[in-house]
Amino acid sequence: MKKSLLSLITLTLTLSSSALALLSVLFIAFPASSPYAYAALGFFCAPIYPMGLAWFASRYPHHVGFTPLVIGSSSLGAALLPAFTGVGVGALGLSSIPMSLGLIGILLLGLTVFNTRSGLTRAVS
């Protein structure tokens, strides 16, 4: 029972942080709210990695080999996404930053929702 409660708490925090980060990206486009939106984006993105990792570990306890894969993938994403954002800024200008952050947020939220609805989640439950 405790594992399912932990899984629910971490899932809720991960989903809500992802959704609020995506919502804060919408306010980056407005010059008056842009500094506050970047601060909010950082604040809401901060708990995503540790909560996502805890949720993954509690949700898939029999798949311990996947945890290093998740850690490695997140490191790869942390190395590649800023480079892709830089390429977008070089090609499209500074106005592409909110769009690229929005796409990253949509991808993160989509992957989280997909993972909750996947067959692997039901098989472990």
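A helix here is a DSSP run of H or I with at least four residues, a strand is a run of E with at least two, and both are numbered from the N terminus. Pro50 is partly exposed, because its relative accessibility is 44%. The cut-offs are these: buried is under 20% relative accessible area, exposed is over 50%, and partly exposed is in between, with a 1.4 Å probe and protein chains only. Pro50 and Thr14 are 36 residues apart along the chain, and their C-alpha atoms are separated by 9.0 Å.

A word on the source. This is a predicted model, where local features need pLDDT of at least 70, side-chain atom pairs count only at pLDDT 80 or more, and totals for chains, interfaces and linings use all residues. Residues are numbered from 1 along each chain as its sequence is written, and side-chain values use heavy atoms, with hydrogens and water left out.

Now the whole chain. How many helices and strands does the protein chain have? There are six helices and zero strands. Read from the N terminus, the order is α-α-α-α-α-α. The chain has 125 residues, and 25% of them are buried. Its accessible surface is about 8000 Å², and carbon and sulfur atoms hold 80% of that. Those areas come from the Shrake-Rupley method with a 1.4 Å probe; for residues, only the protein chains shown count as cover. Next, contacts, meaning heavy atoms within 4.5 Å. Take the contacts with a separation of 6 or more: 67% of them join residues 24 or more positions apart.

Back to H3. Helix H3 has 12 residues. From first C-alpha to last, H3 reaches 16 Å, close to the 16 Å expected at 1.5 Å a residue. The expected span is 1.5 Å times one less than the number of residues. Which residues of H3 are buried? They are Ile48, Gly52, Trp55, Phe56 and Ser58. Ala57 also belongs to H3. Ala57 counts as partly exposed because its relative accessibility is 40%. Ala57 and Thr67 are 10 residues apart in sequence, and 6.9 Å apart in space, C-alpha to C-alpha.

On to two serines. Ser18 is in helix H1. Is Ser18 buried or exposed? Ser18 is buried, since its relative accessible area is 2%. Beyond its neighbours within four places in sequence, Ser18 contacts Ile48, Leu108, Leu109 and Thr112. Ser34 lies in helix H2. Ser34 is buried too, at a relative accessible area of 13%.

H4 has 27 residues and reaches 37 Å between its end C-alpha atoms, close to the expected 39 Å. After H4 comes Gly93, with a positive phi near 95 degrees. Leu81 is in H4. Leu81 is partly exposed, because its relative accessibility is 32%. Leu81 and Ser100 are 19 residues apart in sequence and 9.2 Å apart in space, C-alpha to C-alpha. H5 has 22 residues, which should span 32 Å, and its end C-alpha atoms are 31 Å apart, so the two agree. Buried in H5 are Ser96, Pro98, Ser100, Gly102, Gly105, Thr112 and Asn115.

Last, the pocket. Rolling a probe the size of a water molecule over the atoms shows where empty space is left. On a 1 Å grid over the protein atoms alone, a pocket is an open set of points where a 1.4 Å probe fits, with protein on both sides within 12 Å along at least five of seven lines; lining residues have an atom within 4 Å of a point. What is the volume of the largest pocket? About 1200 Å³. Grid points are joined across faces, edges and corners, and the volume is the space filled by probe spheres set on them. The lining has 34 residues, and Ile48, Tyr49, Ser74, Leu108 and Leu111 lie nearest the centre. Helices H1 (2-26), H2 (34-45), H3 (48-59), H4 (66-92) and H5 (96-117) each supply at least two lining residues. By type, the lining has 23 nonpolar, 11 polar and no charged residues. Nonpolar covers Ala, Val, Leu, Ile, Met, Phe, Trp, Tyr, Cys and Pro; charged covers Asp, Glu, Lys and Arg; the others, Gly among them, are polar.
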